[in-house]
Amino acid sequence: MSRDKSNMRVPEDYFNKRKNDFLHFANGDEDMLDMSKDAPVLASLGKRDGFLLPEDYFVNLDLRKDKRIVKQIRPQNWIIYAAAACVLCLFGYFGLTQIDSTTAPSEFLVELESKEDIEKAYEFLIRELDGFTNEELMYEDVFADFLLEEENITDTNLETIINELSDEFQIEDFEDIF
Amino acid sequence: MIDNGDKEILRLISAGSMEAGFNTLVQDYQEKLYWQIRRMVVIHADADDVLQNTFIKVYKNILKFEGQAQLSTWLHRIAINESISFLKSKKRKRTEDIGGIQFEKKLVEDKYFDHDEALLTLQKAIYTLPEKQRAVFTMRYYDEVPYKEMAEIMGGSVGSLKASYHHAVKKVEEYLKTHVSYV
């Protein structure tokens, strides 16, 4: 036992032990409250939250995840529309979609002059998204990865970028996909 | 220690099998992340959107994940940040929701909510908490996330998170006492 000047006594090693208790309390995982006393109404509700889920939500989420993510990643900026247009053009070239394109891809790219044309092509891709397999969509990533590196896309440098795109990829690069 | 499932995900991704690795990641984490997000944003359709945004962010950044934190910690951090951003952007877009009237209306209309009066009041009580405090409250109260893990997800010290949870519980309790009719 130890004592101070006022003759009051504390148990041996009291302060060291208490310090450890306080530190343990501050750093340990215990809460600072007793729910039944400090929050009886909340405690009476238990852990219920009232949330319900659509039937098979996670099963369906699993099935659609790739397409949802690809769909959302694409429209970062409107150069992505150009990527989609290239994809559609190539799909058209191989006769895989209903796009009426008798134009060779390289010519098609040169003809992409207006934002509206590109947007229209992109809208088609999004509308028909479910008709594409994941492999086909991953094929689109080839363009997307290339394009996502391009940060400063403006209307004025779009033409240059489209030209670069057509130089970057050859039809032969995609033949094994089909 | 890195979980074996996480190891496999990271191995697949670093070996270039991005699609396979990402598929496994989504399968393993979609439910946990969904519930964390749902408890923050409450409405199912909003949780669905935020979950999607979370996975998009993960997909875009997984190659930058350096393994300094656990994969699960990193994923939960993204989910929490996405939820907070969503709530803040919603707050910016709408005029002031005095008394949570708009929130209550939306919740009442949500067909994926059990319309028990006490649970509706509980959600309204949680809705009064600031975003970060809401995250602390839901993680601790519903999922019993250890404070140490919470500190890694949220940042801050164990002590400050404990204090935040303490205040959150007090506020929720106070709201319930004045709004739940059977008390």
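**A two-chain predicted model, with a focus on chain B**

In chain B, 62% of the contacts with a separation of 6 or more are accounted for by residues 24 or more positions apart, where two residues are in contact if their C-beta atoms, placed from the backbone, lie within 7 Å. This is a predicted model, in which local features need pLDDT of at least 70 and side-chain atom pairs count only at pLDDT 80 or more, while totals for chains, interfaces and linings use all residues. Residues are numbered from 1 along each chain as its sequence is written, and chains are lettered from A and ligands numbered from 1 in the order in which they are written.

As for confidence, chain B has a mean pLDDT of 89, with 93% of its residues at 70 or more; pLDDT is the predictor's confidence in each residue, on a scale from 0 to 100. For the complex, the predictor gives an ipTM of 0.86 and a pTM of 0.65. Where pLDDT is low, the predicted coordinates should not be read in detail.

Chain B has nine helices and zero strands, whereas chain A has nine helices and two strands; helices (H or I, at least four residues) and strands (E, at least two) are DSSP runs, numbered from the N terminus. In chain A the order of the elements from the N terminus on is β-β-α-α-α-α-α-α-α-α-α. Buried residues make up 18% of the 178 residues of chain A and 33% of the 183 residues of chain B, a residue being buried if 20 or more other C-beta atoms lie within 10 Å of its own, exposed if 12 or fewer, and partly exposed in between, with C-beta atoms placed from the backbone. In chain A, residues 24 or more positions apart account for 66% of the contacts with a separation of 6 or more.

Where the two chains meet, 34 residues of chain B are in contact with 28 residues of chain A. On the side of chain B that touches chain A, α2 (18-41), α3 (44-61), α6 (117-127) and α9 (158-179) each supply at least two residues, and α9(B) gives the most, with ten residues. By class, this side of chain B holds 19 nonpolar, six polar and nine charged residues; Ala, Val, Leu, Ile, Met, Phe, Trp, Tyr, Cys and Pro count as nonpolar, Asp, Glu, Lys and Arg as charged, and the others, Gly among them, as polar.

Within chain B, helix α7 (residues 131-141) is largely enclosed by the rest of the structure, because eight of its eleven residues are buried. The buried residues of α7(B) are B:Arg134, B:Ala135, B:Val136, B:Phe137, B:Thr138, B:Met139, B:Arg140 and B:Tyr141. The axes of α7(B) and α9(B) come within 9 Å and cross at roughly 90 degrees, axes being lines fitted to C-alpha atoms, for helices over the stretch in contact, with angles that run from 0 to 180 degrees between N-to-C directions. The two helices α7(B) and α9(B) are therefore roughly perpendicular to each other, a term that covers angles of 65 to 115 degrees, while those under 35 count as roughly parallel, those over 145 as roughly antiparallel and the rest as oblique. From α7(B), the contact draws on B:Gln133, B:Val136, B:Phe137 and B:Arg140, and from α9(B) on B:Leu161, B:Ser164, B:Tyr165, B:His167, B:Ala168 and B:Val172. These residues divide into six nonpolar, three polar and one charged.

Between α7 and α8 of chain B lies a loop that contains B:Glu144, which has a positive phi of about 50 degrees although it is not a glycine. Most residues other than glycine have a negative phi. B:Glu144 counts as exposed, with 10 C-beta neighbours inside 10 Å.

Helix α8 (residues 147-154) of chain B also packs against α9(B), at an angle of about 100 degrees and with the axes 9 Å apart, which makes α8(B) roughly perpendicular to α9(B). Here B:Tyr147, B:Lys148, B:Met150, B:Ala151 and B:Met154 of α8(B) meet B:Val158, B:Leu161 and B:Lys162 of α9(B), a set of six nonpolar, no polar and two charged residues. The buried residues of α8(B) are B:Tyr147, B:Met150, B:Ile153 and B:Met154. They cover an arc of only 115 degrees around the axis, which puts them on the same side of α8(B); the arc is that of the directions from the helix axis to the C-beta atoms. Just after α8(B), B:Gly155 takes a positive phi of about 85 degrees.
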